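This briefing concerns the structure shown below. Please read the points that follow with the sequence and the model at hand.

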Amino acid sequence: MLAYLFRRVGQALVVMGVMATIVFFGLYTVGNPVDLLINPEDDLAAQEAAMARLGLDKPIHVQFGYFLSGLAQGDLGTSFVHNRPAIELILSRLPATLELAILAMTLAVLIGVPLGMYAGLRPNSAGAKLIMAGSVVGFSTPNFWQGLMLIMLFAVFWGVLPAGGRGDTVDVLGVPVSFLTLDGLSHMILPALNLAIYKMSLVIRLARAGTAEVALQDYVKYARARGLSPTRVVGVHVLKNILIPVVTVLGLETGNVIAFAVVTETVFAWPGIGKLLIDSIGLLDRPVVVAYLMLTVFLFVMINLVVDIGYSLLDPRVRIRGGGK
Amino acid sequence: MSMSVDTPLRRFTGDFVKSPTAVAAGIGLTLIALAAIFAGAVAPQNPYDLRQITILDGSLPPGSEGFDGFHYALGSDIQGRDMLSAMIYGLRISLFVSFVAVSFAVMVGLVLGLLAAWRGGWVDGLIMRVVDIQLSFPALLVALLLLAALGKGVDKVILALILVQWAYFARTVRGAALVEIRKDYVTAARSLALPGWRILFGHLLPNVLPPVIVIATVQVANAIAIEASLSFLGVGVPITEPSLGLLIANGFDYLLSGRYWISFYPGVALLVTLVCINVVGDHVRDILNPRLSR
C-alpha cells in the first residue's frame, strides 16, 4: 500500500515537472506579456523598467532558475497582472469552482441514476427510448454550445434566470459561497446544469447497463421470489449493486468536471479557477497558468488515488497491491 | 446472410443495414462530409470573398431577403455573411482538423502500441506508463495547456489533438497485439526468421485494425468537439479560418441581444455531425464486438 502511494506521488511529480516546463518555456515563446500590460505610449525606458520589475529582462534559463528556486521554497511566483501570489489568487477562486462542481455532480446522480434504472428495468418502453435518445444527445452536445442554448432559452427568451456572474454570496468560515442566497442560487442553476448534463448522460448509461445486468441475477430473482415489494428489490438489491461502476466513473469524472468548468465558467462568466485560467492564458500571465497546472495535476492525482482506494473498499474483490499491476 | 460467399465485409454490411438509425446516421454523415469537401460548389456564397458579402445585409434573421435579393436561409452574421455558407466552410475546417489529427494519432498509436507489445520489458513499461498517466487527465485540459504554450493556428491545434489522442490508440493496439502475438501465424512468421518489422507491420498490423477503426470513429467525434471547445475558448483556430466552434464563439456576443441564429445554427450543425458519428460508431462497435453477436 505504501509503495503504491509513493509510486503514484512520484508519477505525479514527474508529470507536474514535465508539463510545467513545457508551459513555462512555451508561454515565453508565444509572446511578451509586457506588451499587454504597459501603456503603448510609454517610452522604452518605462518598458524596460516594467520588464525588470517582473524579472522578464533576464534570459529564459535564468528565469527558469528563479522559478525552480522559488518552487523549492513553496513559492509559485507572483501574477504579472494582479500583482498577487499566483497560488493565493487561485485559492481565492477555488471555492466558486468547487461549489459549482459539487452541485453539478449532485444533480447528475440524483437525476441520472433513477432515469437510468428506469430505462434498464423497462428497456422497451417509450420512456426508456426517450431517456436513451436524450442521453445520446446530452453526450454529443458540445458543452459550450449547450451553455449558450441554456442562456438563450432561460435568460434571453424567457428571462427567468440570470445569464452570467455569481450573484450575492455569504461568507461561511470566511469563504464566500453562493448556494445559501436566493440570488446566488439562481445564478448557479444554469452553469451547474450545463456542467451536469454530460455527467448525467454518462450516469444514465451506466445505471441502465448495470440495472439490465443485475436484474437477471439470481439474488434478484430470489428476492422477488421471497415476495419482497418491487420498490425494495429495486431500491435496495438492484441499486446497491449498480453503484460500484457509477461511483468509480463519477470519481474519475470529478477531474473532468474541473476541466469542463473552464468552458462553463467562460460561458457564464463564473469567477472560478477555469475563467481565471482562460483570462491568464489570454494575458500571458505565466505564473498563474503554471500554478494552475501544478495545482490541477495535484488535484487529479489525489482524486484518482481516492477513487482507487474507495473502489477497493466498495468491492472486496479489488485489492491494491504495492508493485506492478 | 444466406448469400453465396460470406466475406467479413459482406457480413459487416449485412449487419449494418439491419439498423435503420445507423443507416440514417451513415447517410447523414456522408452528406455532411460531401458538403464539407465540396464547400466551394455547395455553399450559396463564398463567405470569405469580400466581393460577395455586403455589410448592408448584416444581422439579418433567417429567411430574409438581402439588399440585392440574396436569400439568407439561416440569416447572416454581423458582417453580412450568409450563415449557411459560413457553416459549410466552417464544417470543412472542423472536419479537416479532426480527420488529420486522428489519422496521425492512429499512426503514432499503432507504431508505439505494436512496439510495446512486441518488445515488452522496459519499452512496454515506459510507453504504457506514459499512456496511463496521460489518460488520467482530461484531453480538453491537456490540449488547452499545450495550446497555451504553442500559440494559435490550425497546425498547432492538430498537433495538440495528436498529442492528446495517440494514447487511446496505443493502448488499444497493444491490447489487441498481445492477443495476436500468441497465435500460430505469428509463430510461423517468426520461425521463417522474418525481420521484426515485417511481422509487426505485415502480419500483426492488419489483425489489430478492427478495434482501432472503432475507436477512431469515436475519436473523430471527440476531436471535433475538443477543437470546437478550444476555438470557443480562444486558443484554437485563428479568426481567418473559422471552424464551427469559432463561429459559435463569434455569435456569443450577439446572443444576449436576441440575434440567436449566429451561434444557434452552427451549433446545430456541430451537434448533428457529432450525433451521426457517434451513432455510426456505436453500431460498428456492436457489430465488431463478438460478445454481443446474437
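In the loop between α4 (60–72) and α5 (86–121) of chain A lies A:N83. The model is a predicted one, and in it A:N83 has a positive phi of about 55° although it is not a glycine.

- A:N83 has 10 other C-beta atoms within 10 Å; because a residue with 12 or fewer is classed as exposed, A:N83 counts as exposed.
- Is A:L284 buried or exposed? A:L284 has 21 C-beta neighbours inside 10 Å, and because the cut-off for a buried residue is 20 or more, A:L284 counts as buried.

- Helix α8 of chain A covers residues 182–214, and its end C-alpha atoms are only 41 Å apart.
- A straight helix of 33 residues, at 1.5 Å a residue, would span 48 Å.
- Where does α8(A) bend? The bend, of about 35°, is at A:I197.

**Architecture of chain B**

- Chain B contains 11 helices and two strands.
- Read from the N terminus, the order of elements in chain B is α-α-α-β-β-α-α-α-α-α-α-α-α.
- A box of roughly 75 × 55 × 30 Å, taken along the principal axes, is filled by the C-alpha atoms of chain B.
- Chain B has 294 residues, of which 45% count as buried.
- Of the contacts in chain B between residues at least 6 apart in sequence, 68% join residues at least 24 apart.

**Contact between chains A and B**

- The contact involves 32 residues of chain B and 37 residues of chain A.
- Which helices of chain B each supply at least two residues of the side that touches chain A? They are α6 (139–150), α9 (196–233), α10 (244–255) and α11 (261–288).
- On the side of chain B that touches chain A, 24 residues are nonpolar and eight are polar, while no charged residue is found there.

Methods. Residues numbered from 1 in each chain as written. Chains lettered and ligands numbered in written order. Predicted model: local features only at pLDDT ≥ 70, side-chain atom pairs only at ≥ 80, totals over all residues. Contact = placed C-beta atoms within 7 Å. Helix = DSSP H or I, 4+ residues; strand = E, 2+ residues; numbered from the N terminus. Nonpolar A, V, L, I, M, F, W, Y, C, P; charged D, E, K, R; others polar. Expected span 1.5 Å × (residues − 1). Bend = angle between axes of the 7 residues up to and from the residue.
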